[in-house]
Amino acid sequence: MINKVRHKQPLVHNITNQVVVNFTANGLYALGAAPVMANAVEEVADMVKNADALSLNIGTLTTPQVEAMIIAGKAANEKGIPVVLDPVGVGATPFRTEAAQKILKEVDISIVRGNAGEISHLAGLDIPMKGVDTNLKGDNREVALKVVKQLGLPVIVTGKQDVITDGKRCYLIDNGVELLTKVTGAGCLLSSVVAAFLTTGDDLLEAATGAVGFYGVASEVAAEHISGPGSFQIALLDAIYQLNSDVVKDTIKLDHIIVSEKEM
Amino acid sequence: MINKVRHKQPLVHNITNQVVVNFTANGLYALGAAPVMANAVEEVADMVKNADALSLNIGTLTTPQVEAMIIAGKAANEKGIPVVLDPVGVGATPFRTEAAQKILKEVDISIVRGNAGEISHLAGLDIPMKGVDTNLKGDNREVALKVVKQLGLPVIVTGKQDVITDGKRCYLIDNGVELLTKVTGAGCLLSSVVAAFLTTGDDLLEAATGAVGFYGVASEVAAEHISGPGSFQIALLDAIYQLNSDVVKDTIKLDHIIVSEKEM
Amino acid sequence: MINKVRHKQPLVHNITNQVVVNFTANGLYALGAAPVMANAVEEVADMVKNADALSLNIGTLTTPQVEAMIIAGKAANEKGIPVVLDPVGVGATPFRTEAAQKILKEVDISIVRGNAGEISHLAGLDIPMKGVDTNLKGDNREVALKVVKQLGLPVIVTGKQDVITDGKRCYLIDNGVELLTKVTGAGCLLSSVVAAFLTTGDDLLEAATGAVGFYGVASEVAAEHISGPGSFQIALLDAIYQLNSDVVKDTIKLDHIIVSEKEM
């Protein structure tokens, strides 16, 4: 699937937080996509007209940026291109929670990507978090399925195990490395990588799974010869640039589950 | 000429987009210049008073930032310091195009730097782009000369071949590497490097050519021992820091053409 | 002391400039702290409720950001968590100077961190700067003590020698490397590292000194195998991540002085 992305060179329009805007743009270039990061209300609708996908990220929200996201999201819906929502830190403040809810209400989101805490807060669920690494595998899947039912949207819950589900099918990925949690924007970039993969024309859930698996394998390759989170961040960009589909196929740890009616 | 820049340590004031603001500041430090990135309307005029050059970049415009650029540009004109304009993505949205036109109208720009598409859009030309690498050499020179005539300003058109011209003299540079197109802000940083070189007191076109040649050679040095766009981005900063004038002289591929009256 | 920081994993809320926001977040992750970079007036007070420390940095101020800093600062005071102020470029423009004064007036700052020029401007002192490296050791200590008297606050003056003082005790640190001045945000990140160390519950001046010493040693480790400011910036993040307390103890060059009444 990475070959399709590299061949298409999709233009991914990102409205994202100022912490990760550079890393996201560089990550998309490394992937073979073309990033554009316009975020002014004055031009986002026009910019979306050129784009193949839209990635929305609420990491450092301001009121004008929420407005820009809704304008861009509606333009993307009208054009029929995929829209990914990354609800960074939702639940941390009422402003952030309300903004995320507003975006969900006004824009047709193709898929949501976040960690278990963010994703469950987004759906207004009060799922008790069991702390890092305690039964996290079970939790992520449970959270994902509950949130899909609540939001009526496919979700990607990333963590020690990544879960990609639309409530009927459920993909589980066990790639990735701990250092991803030590680089700011590692999750944000993944959301934009998902947006790029969603432009391939493949089944949405399979494309999203392809993106998450590719990214997890890239992080494992990157972690091989590094000295800490600084060199890992750079090696991750290099790995995204160089990783080919054969290595992904050989390295991906993917499970596919048909969700039973009981779980649904 | 790099020695003059390093000796002078010019203070380059940048009003630039949020994607590349960190990379631009680090690139100017590596060059031996001193960057300042103030962009608030409340202080840009005061900050320009300390500066030796001003670099304007419209990559992530907002209405207040356009205002700040015009205030800073007028202050720079009054002080008599060089002003470089980088019209990132002009033509992509009406907002961006109008902002660039407004800046050109209100501020005396010393030189404009962009790729062939941006530069021709800036001049309102409808020059057909022939796609990547198809007759691009011929195109860049043709675009540059037409734009100079239209705008009445010297321009730098970067691409596979870089063209620096004021309509009478025309410098052509054949350095640089493909990876420059895979790092966000590589072009933006060049615009600020040009601003730094314009403070040396040398002939404007020669100083701009010196900057473009230095940067192209630095990118070639950087590309020697890297694994992808991540490590290239870091190596580029190191190369800018370490590159000396002898290596530039030995490596630069420079052509100088007197534009014939027919072309003018 | 680094072990306490890594064990506590303090949440450090940063309201900082857009140039260094990514580097600061990555530096705090590397340290073992958790960064949050929210800067909207709509949510900073709520975000501070989750935080263990607040770091304020005026590097690219706007009027709303000054407001956000004051709101966040007051919330931090109410909660009783430490607040670090980094008055970047104070004195360069009236806007910046007035903003810094306003923050100092409205918020109880735990400690201020800057270079000798910034720190003396902040206190309204007209201490003549003697240029880079000329008697800088003597100057930094003199500046620091005068500023403490003027502001009534502990200060960290960084430079060739770092001075940490509350006017009674004075710590001097002679670690650090020249390349720190060639990476944008190296000082800004230190301010946030200080904020993280202030959460350990240790004596404020000792905790601040621990942070400055740790950072200076990390920069020396980072400088060992690099090719310029690009690779240094990455190596610094790696060194912050890997450096253990034994190496710090063996490498730190620390002096402790009881300020005589004459100096006070």
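1. Let me start with the polar contacts between chain A and chain C: in this predicted model, 10 residue pairs, both at pLDDT 80 or more, are in polar contact across that interface. A polar contact here is a pair of N or O atoms within 3.5 Å; within protein, one must be able to donate a hydrogen and the other to accept it, and residues adjacent in sequence count only if both atoms are side-chain atoms. Helix 5 (94-106) and helix 10 of chain A are the elements that give two or more residues to the side of chain A that touches chain C. Helix 10 gives the most to that side, with 5 residues. Helices (H or I, at least four residues) are DSSP runs, as are strands (E, at least two), numbered from the N terminus. By class, the side of chain A that touches chain C divides into 10 nonpolar, 12 polar and 2 charged residues. In this scheme Ala, Val, Leu, Ile, Met, Phe, Trp, Tyr, Cys and Pro count as nonpolar, Asp, Glu, Lys and Arg as charged, and the others, Gly among them, as polar.

2. A word on conventions: this is a predicted model, in which local features need pLDDT of at least 70 and side-chain atom pairs count only at pLDDT 80 or more, while totals for chains, interfaces and linings use all residues. Residues are numbered from 1 along each chain as its sequence is written, chains are lettered from A and ligands numbered from 1 in the order in which they are written, and side-chain values use heavy atoms, with hydrogens and water left out.

3. Staying with chains A and C, 24 residues of chain A are in contact (heavy atoms within 4.5 Å) with 21 residues of chain C. The area buried between chain A and chain C is about 1900 Å², and carbon and sulfur atoms give 55% of that area. Buried area is the accessible area (1.4 Å probe) that two parts lose on being put together, summed over both. A:Gln18, A:Val19 and A:Lys182 supply 27% of the area that chain A buries against chain C, more than any other three residues.

4. There is 1 salt bridge between chain A and chain C, a salt bridge being a side-chain nitrogen of Lys or Arg within 4 Å of a carboxyl oxygen of Asp or Glu. The partners are A:Arg96 and C:Glu43, at 2.6 Å from N to O.

5. Now please turn to the side facing chain B. The contact there takes 21 residues from chain A and 24 residues from chain B, and the buried area is about 1900 Å². The rule finds 1 salt bridge between these chains, formed by A:Glu43 and B:Arg96 with the closest N and O atoms 2.6 Å apart. Helix 2 (21-31), helix 3 (44-48) and helix 10 (229-242) of chain A each supply at least two residues of this side. Helix 2 gives the most, with 6 residues. The classes on this side are 11 nonpolar, 6 polar and 4 charged residues.

6. How are the copies arranged? Chain A can be laid on chain B with an RMSD of 0.0 Å by a turn of 120° and a shift of 0.0 Å along the axis, with copies superposed by least squares on the C-alpha atoms of residues with pLDDT of at least 70 in both. The two copies are thus related as by a three-fold rotation axis. Only 10% of the interface residues of chain A are also interface residues in chain B, so the copies meet through different surfaces.

7. On confidence, the predictor gives the complex an ipTM of 0.94 and a pTM of 0.95. Chain A averages a pLDDT (the predictor's confidence in each residue, from 0 to 100) of 93, and 94% of the residues score at least 70. Over residues 129-137 of chain A, though, the pLDDT is below 50. Where pLDDT is low, the predicted coordinates should not be read in detail.
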